[in-house]
Amino acid sequence: MTEINKDLQNERKKCTFNIEELTEFVYGGPEKTQERRERENFLLSKKELFEGVPEEYLSHKDKYEQCIRKDVVTQILGSTLVRDGSPLGLHYIMFMPTIITQANDEQQAKWLPRSWNCNIIGSYAQTELGHGTFVRGLETTATYDPSTKEFDLHSPSLTSYKWWPGGLGHTANYCILIAQLYTKGKCHGIHPFIVQLRDEETHVPLPGIKIGDIGAKLGLNEVNNGFLGFDHVRIPRDQMLMKHAQVLEDGTYIKSLNSKLNYGPMVFTRVVIVFDVANYLCKAATIATRYSAVRRQSLKKPGEQECQILDYLTQQHKIFPAIATCHALRIAGKKLWDTFNTINEQLIGGNLERLPELHALACCLKAVSTSDAAQCVERCRLACGGHGYMLSSNLPLTYGLVTAACTYEGENTVMLLQTARFLAKTWQQVDSIKLTPTVEYFKIFRK
């Protein structure tokens, strides 16, 4: 079935703008558009990636194994063809960025080449069964022993088990562990450590490590989310990432200039989430729009052809806001990305002035984008009637992916409260501090 539906062809002919110009705007210019097309053609040429039993008919185990087979082929392009997430996602989105932002030069030289070439596969173990958004409440401990120059990693309770890290179930053999640092009898709060979890050759869990898959979920079932517990596991001192804070051989703790620098990977991930949900919404809006163009229902006059449902105002009211939101999220995401890079350069230079602003921006846009996208995707599904209820439409799966983003990397209500706290604090100090660019408008209202 290679013939394009005539209704769809007619709608495309009515287009009043330059399609190529918009395409290049969406993808970031002519060169990136061409690169994307080349990648698409490469992937489409791999017929073996599209053969076999459809994902929705596979078991939980078979979905994961098929995903790994596809990822081995597609990861050379930094892409994935799987629809329900990837177990390698956190390796690129959080494991490697954390090494870049939290490890010192010596540690980067040791770990980055191995992770870049996928000699090791990493995850990011922060959230626990008992604590998620309240990061300061994490229970996993890393206690320094100066006699052996090692950290003792321990999960003191069931609720202290790491829960949700992507790829942890079966895929990752290393992780960035976020744990409470203890040295000389004092707790210094959460810090990142790089920890080996499984043997690099056999992939068998190392002694003292309890690890596995947490099971099936509403969505993201190919991400291979897992649990992780430690029974007094020892790691060398130099596996604490020490770009900002250090523990000397005798156990002396050297404090970071700003503890919020440890949250860099989470801020980065929240920036990425904005682009992710924009892409998911684009897919949903495209499916619903194409469906609305080819679906005909009801007669205006006896004897005439049934109407395209796209012509109904009620249908347009469901779809058009979703299309507009796609573009709005892309533009906002690009602005946030540029702001992130600008402020990150300042942080590298030791200027921490705009760090609270970046945190507030990332929290706010993460919450607003995921919430708006989830609502729009659901409206797109409803716009497709009974067909939108079928898994083959890809809309239920897309909704599962987007609504998950409302919770992970910071629950949305808490994210909005974080932004509100920043705004309230800034308003109280508006006459006594230099305002950062995104809140300079406060001066207008203060007058």
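**Exercise 1.** State how many residue pairs are in polar contact between domain 1 and domain 2.

*Solution.* Take the domains as 92–256 for domain 1 and 262–439 for domain 2, bounds that come from an automatic or database domain assignment. A polar contact is a pair of N or O atoms within 3.5 Å, one able to donate a hydrogen and the other to accept it, with residues adjacent in sequence counting only if both atoms are side-chain atoms. Between the two domains the count is 1 residue pair, both at pLDDT 80 or more.

The model is predicted: local features need pLDDT of at least 70, side-chain atom pairs count only at pLDDT 80 or more, and totals for chains, interfaces and linings use all residues. Numbering runs from 1 along each chain as its sequence is written, and side-chain values use heavy atoms, leaving out hydrogens and water.

**Exercise 2.** Describe the side of domain 1 that touches domain 2 by element and by class.

*Solution.* Start with the elements, which are DSSP runs (helices H or I, at least four residues; strands E, at least two) numbered from the N terminus. At least two residues come from each of α5 (89–102) and β6 (186–196). The most come from α5, with 6 residues. By class, this side has 9 nonpolar residues (Ala, Val, Leu, Ile, Met, Phe, Trp, Tyr, Cys, Pro), 1 charged (Asp, Glu, Lys, Arg) and 7 polar (the others, Gly among them).

**Exercise 3.** Give the area buried between the domains.

*Solution.* Buried area is the accessible area (1.4 Å probe) that two parts lose on being put together, summed over both. For domain 1 and domain 2 this is about 1300 Å², with 68% on carbon and sulfur atoms.
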